[in-house]
Amino acid sequence: MGTTALGEIKGSHPLVYDNFSRLADGEGHLRRIMELDRYWEHVRREPPGDVVLDGTELPAGVRVEGDYDLFYAGGTLGLLHAAVMAERYGHRLLLVDRHVSARSTRDWNISRPELETLVETGVFTPEEIDSVIVRRYRTGWVEFFAEESRRKRLYIDNVLDCAVDADRLLGIAKRRVLDEKGCRVLDRTAFTRCYRFADHVVVETLSGNGERRFFRARVLVDVMGVLSPVAMQLNGGRPQTHVCPTVGTVASGFANADYETGEILVSTEHAEVSPGSGRQLIWEGFPAAGDEYITYLFFYDAIDSNNDKSLLGLFETYFRKLPAYKAPGEGFRIHRPVFGIIPAYYHDGFTRTRTIADDNILLFGDAASLGSPLTFCGFGSMVRNLPRLTERLDRALGRGELSRGHLETISAYEPNVASMANLMKYMCYDPGTDAPEFVNELMNEVMIVLDGLPPRYREAMFRDEMRFEELVAVLLKVAARYPKVLKATVEKLGAGGTVSFVKNLAGWAFSSTR
């Protein structure tokens with residue numbers, strides 16, 4: 001009998017082994033985690049080979065199937081986009097997923113007004129959207145560790161206050177796709193490479209049983225997340241500059257869970273420091289369906305830091321530290337793990353600098369890495385920009401404007417989000433420049449400043465909706481209260497990074513979306 005994934009980690013990650021062994025499909029979940037952790041090998045040592053090839057390299061004599069408008073590689077967030085393109089705009093499309101489409105490794109939180117964007121597409125009904133909300137909590141708060149006299153718990157309403165059943169929402173989108181004539185979904189079918197011609201691409205796939213197939217489409221839509229080999233190739237093997245490894249569980253039976261309140265960002269200790277590395281661990285806690293409660297542990301980090309950023313290692317830390325954050329009670333039970341690598345990209349310029357398109361190829365979601373990793377991640381970015389992303393792609397298809405220059409204008413890039421992403425750098429603990437208490441000290445000062453401003457400031461900051469003048473006001477007040485942030489800016493960002501921050505702000509100040 002072959003070695004199981006659980007067997008491989010029994011000695012190295014005993015807490016993960018113990019907890020996952022009790023799950024109905026602990027082996028399957030662990031294999032997905034190990035698959036995601038291959039990302040670190042790609043960005044550090046061995047990028048995957050080129051997967052976007054010239055059409056002349058298409059093997060002779062292969063049978064090319066279909067004639068689709070769109071080929072979607074990835075069946076999570078991509079399903080929301082595909083549903084609108086199929087039902088509202090009538091495009092023929094094929095969607096493949098290497099696992100099973102409409103199943104997510106994370107659950108999602110968002111506010112109800114933000115979900116209204118899905119209704120505005122005309123593809124989802126208000127009743128359907130309400131049906132995927134499994135819990136609405138009354139308020140939320142943010143609190144960073146510090147001595148009692150310096151600690152500020154900031155209460156925030158209307159931020160991430162709806163827990164969404166991700167699989168149920170994606171299931172509705174999948175049915176919309178399958179209901180349209182000429183649209184298909186293939187599960188357990190992986191993208192392997194594409195061959196680019198003058199007016200279309202041929203996409204090669206590999207099914208779970210080893211069958212290779214080739215499909216023709218006008219545009220390849222890459223929604224393969226951080227593991228996207230297309231994004232890796234188009235961005236020179238460095239598709240992200242920062243990441244937020246995230247792990248957690250959906251569980252029930254906590255002794256101290258408040259089901260009326262969301263804990264949006266919480267730290268319970270100063271940075272965890274080891275020789276040459278260190279990280280500021282942060283928790284989240286959200287009420288979910290029934291007696292279920294979701295807890296996450298994560299940290300922000302530069303892609304090239306020395307920290308162990310593996311999800312497997314972070315899960316071991318999660319199980320070790322969980323009782324200090326949320327104490328399991330007598331009836332404690334884990335229903336399933338949740339995990340992911342939330343990507344971020346630092347744009348060194350006045351506008352978007354990351355490559356998100358090529359001729360007949362377009363990247364969305366985490367493959368594009370245009371969302372903010374602070375609180376408003378890939379799901380929120382896709383929902384907020386869905387009408388614009390679908391309308392513009394429909395127009396490009398109608399006009400035959402499918403070159404890189406045209407397609408790269410169809411993006412979720414927002415100048416305010418790009419500028420806010422700079423703030424993430426202050427939450428990336430750096431043992432070379434920061435005292436262990438730096439992140440907590442700074443964030444407590446930010447919370448104190450926000451508490452003294454009208455509520456719209458805190459709501460806008462944690463929904464990534466701040467206006468330019470609002471962010472400037474917050475930055476100036478924080479600098480006045482905590483002058484050390486000015487020295488930290490130069491140390492953490494460096495001269496070049498500080499100039500880039502100014503460029504981002506200038507680009508936002510003069511943009512049409514200010």
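## A loop with a positive phi

Arg188 sits in the loop between β9 (184-186) and β10 (189-196). Strands here are DSSP runs of E with at least two residues, and helices are runs of H or I with at least four, numbered from the N terminus. Phi of Arg188 is near 50°, a positive value in a residue other than glycine. Arg188 counts as exposed because its relative accessibility is 52%. Exposed means over 50% relative accessible area, buried under 20%, and partly exposed in between (1.4 Å probe, protein chains only).

The model is predicted: local features need pLDDT of at least 70, side-chain atom pairs count only at pLDDT 80 or more, and totals for chains, interfaces and linings use all residues. Residues are numbered from 1 along each chain as its sequence is written, and side-chain values use heavy atoms, with hydrogens and water left out.

## A second such residue

Asn158 is not a glycine, yet has a positive phi of about 65°. Its loop lies between β7 (154-156) and β8 (162-164). Asn158 counts as partly exposed because its relative accessibility is 40%.

## Helix α10

Helix α10 covers residues 378-399 and has a kink of about 65° at Asn385, shortly before the proline Pro387. That bend is the angle between axes fitted to the seven residues ending there and the seven starting there. Just after α10, Gly400 takes a positive phi of about 70°.

Glu35 lies in helix α3 (residues 26-44). Glu35 is buried, because its relative accessible area is 14%. Glu35 touches Arg98, His99 and Leu227, not counting residues up to four places away in sequence. Contact means heavy atoms within 4.5 Å.

The largest pocket is lined by 44 residues, and Glu35, Arg98, Met224, Gly225 and Leu227 lie nearest its centre. A pocket is an open set of points on a 1 Å grid over the protein atoms alone, where a 1.4 Å probe fits, with protein on both sides within 12 Å along at least five of seven lines; lining residues have an atom within 4 Å of a point. The largest share of this lining, five residues, comes from α3.

## The nonpolar core

The largest nonpolar core has 76 residues. Such a core joins buried Ala, Val, Leu, Ile, Met, Phe, Trp, Tyr and Cys residues through side-chain atoms within 4.5 Å. Leu80, Phe124, Leu169 and Leu220 have the most contacts inside this core. Leu169 touches residues including Leu80, Trp108 and Phe379.
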